[in-house]
Amino acid sequence: MSTLVIEGLRASVAGREILTGVDLEVAAGEVHAVMGPNGSGKSTLAHVIAGRSGYEVLGGSVRLDGAELLGMPSWRRAEAGLFLAMQYPTEVPGVSLLDMLTESVCTPEGAAVAEQMRAEAGRIGLDEQFLQRPVNVDLSGGERKRNEALQLGVLKPAFAVMDELDSGLDVDALRLVAGRIEEATEHDGLGVLAITHYSRVFAHLRPDAVHVFAGGRVQESGGPELADELEADGYERWTAALPAPQEEATPFTDPFGDPFADLLA
Ligand code: ADP
Ligand code: MG
């Protein structure tokens, strides 16, 4: 039985420590919700698990079936069975979704991939024209999210990190997309780390565990009822004791100032 184990994960970006010791364990077939306020480091967690560049890992480990993912390039992590559905899926001009998935699946039966893609598109209500179009280029937020779900359906990863899957999806699309992922957990044993700050997605993708994420780590874990509590009361109980988030200094240039003032000073 496969398991994703995150232990003592610490990471910084632009010289600031964002992840301050994350501990999480997700078994195959389980859905774990990670819920936290804006800026708490949820997307950073997703990016560090997937191996996005620009993040410095300061300590800890991320293991998929015992194999250490940290240090592997992203494509090796994907090969090991990891999938990331991004909060803001990236545009890839010049590469169609069909080409991308045909290369990713890496089998000689390209036609079978196209067939699978059409079947998956039908299940989540994505128009087939998107299979031929460049990945995410000029797509709405909701279409991008369906695109991510389609990729998951075809690639059949062991584990998926879904970052704000619900953002951009209307209620009907959310039902289809979240329902498709729920089905993958039941039939293919997919393990899911579902990052979100709203609990509406959990009407269709039922969590086995809910983790409150604040200040760069898990502050409390519980059952699905914790998501309802958060929806009702907010995050203040967990954020009140934390140091105020550091604002990044934005250099200010007065557009009406004297452009030569520096030279004369
Ligand atoms: P969340 O997803 O919980 O809203 P993020 O992980 O996106 O939070 O961001 C956590 C903090 O890290 C924020 O203060 C954000 O500004 C900062 N941060 C994230 N990525 C970068 C980056 N590439 N450069 C500088 N700061 C970053
Ligand atoms: Mg985020």
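The legends below describe an overview and two close-up views of a predicted model. Residues are numbered from 1 along each chain as its sequence is written, and chains are lettered from A and ligands numbered from 1 in the order in which they are written. In this predicted model local features need pLDDT of at least 70 and side-chain atom pairs count only at pLDDT 80 or more, whereas totals for chains, interfaces and linings use all residues, and side-chain values use heavy atoms, with hydrogens and water left out.

**View 1. The chain as a whole.** Of the 265 residues in the chain, 45% are buried (under 20% relative accessible area, 1.4 Å probe, protein chains only). Among contacts (heavy atoms within 4.5 Å) with a separation of 6 or more, 70% are between residues 24 or more positions apart.

**View 2. The magnesium ion (ligand 2) and its protein donors.** S43, through OG, and Q87, through OE1, lie 2.1 to 2.3 Å from the ion; donors are N, O and S atoms within 2.8 Å of the metal (3.2 Å for Na, K and Ca), and water is not among the atoms, so the site may look incomplete. S43 belongs to helix α1 (residues 42–50), while Q87, 44 residues apart from it, sits in the loop between β6 (82–85) and β7 (92–96). Both S43 and Q87 are buried.

View 3. R146 is buried yet has no salt bridge, the nearest side chain of opposite charge being D170, 4.7 Å away; a salt bridge would need a side-chain nitrogen of Lys or Arg within 4 Å of a carboxyl oxygen of Asp or Glu. A polar atom of the R146 side chain lies 2.9 Å from the backbone oxygen of I124. Leaving aside residues up to four places away in sequence, R146 touches residues including L126, L169 and V177.

Conventions. Helix = DSSP H or I, 4+ residues; strand = E, 2+ residues; numbered from the N terminus. Buried < 20%, exposed > 50% of the residue type's maximum accessible area, 1.4 Å probe, protein only. Lys, Arg positive; Asp, Glu negative; His and termini not counted. Polar contact = N/O pair within 3.5 Å; in protein donor to acceptor, adjacent residues only side chain to side chain.
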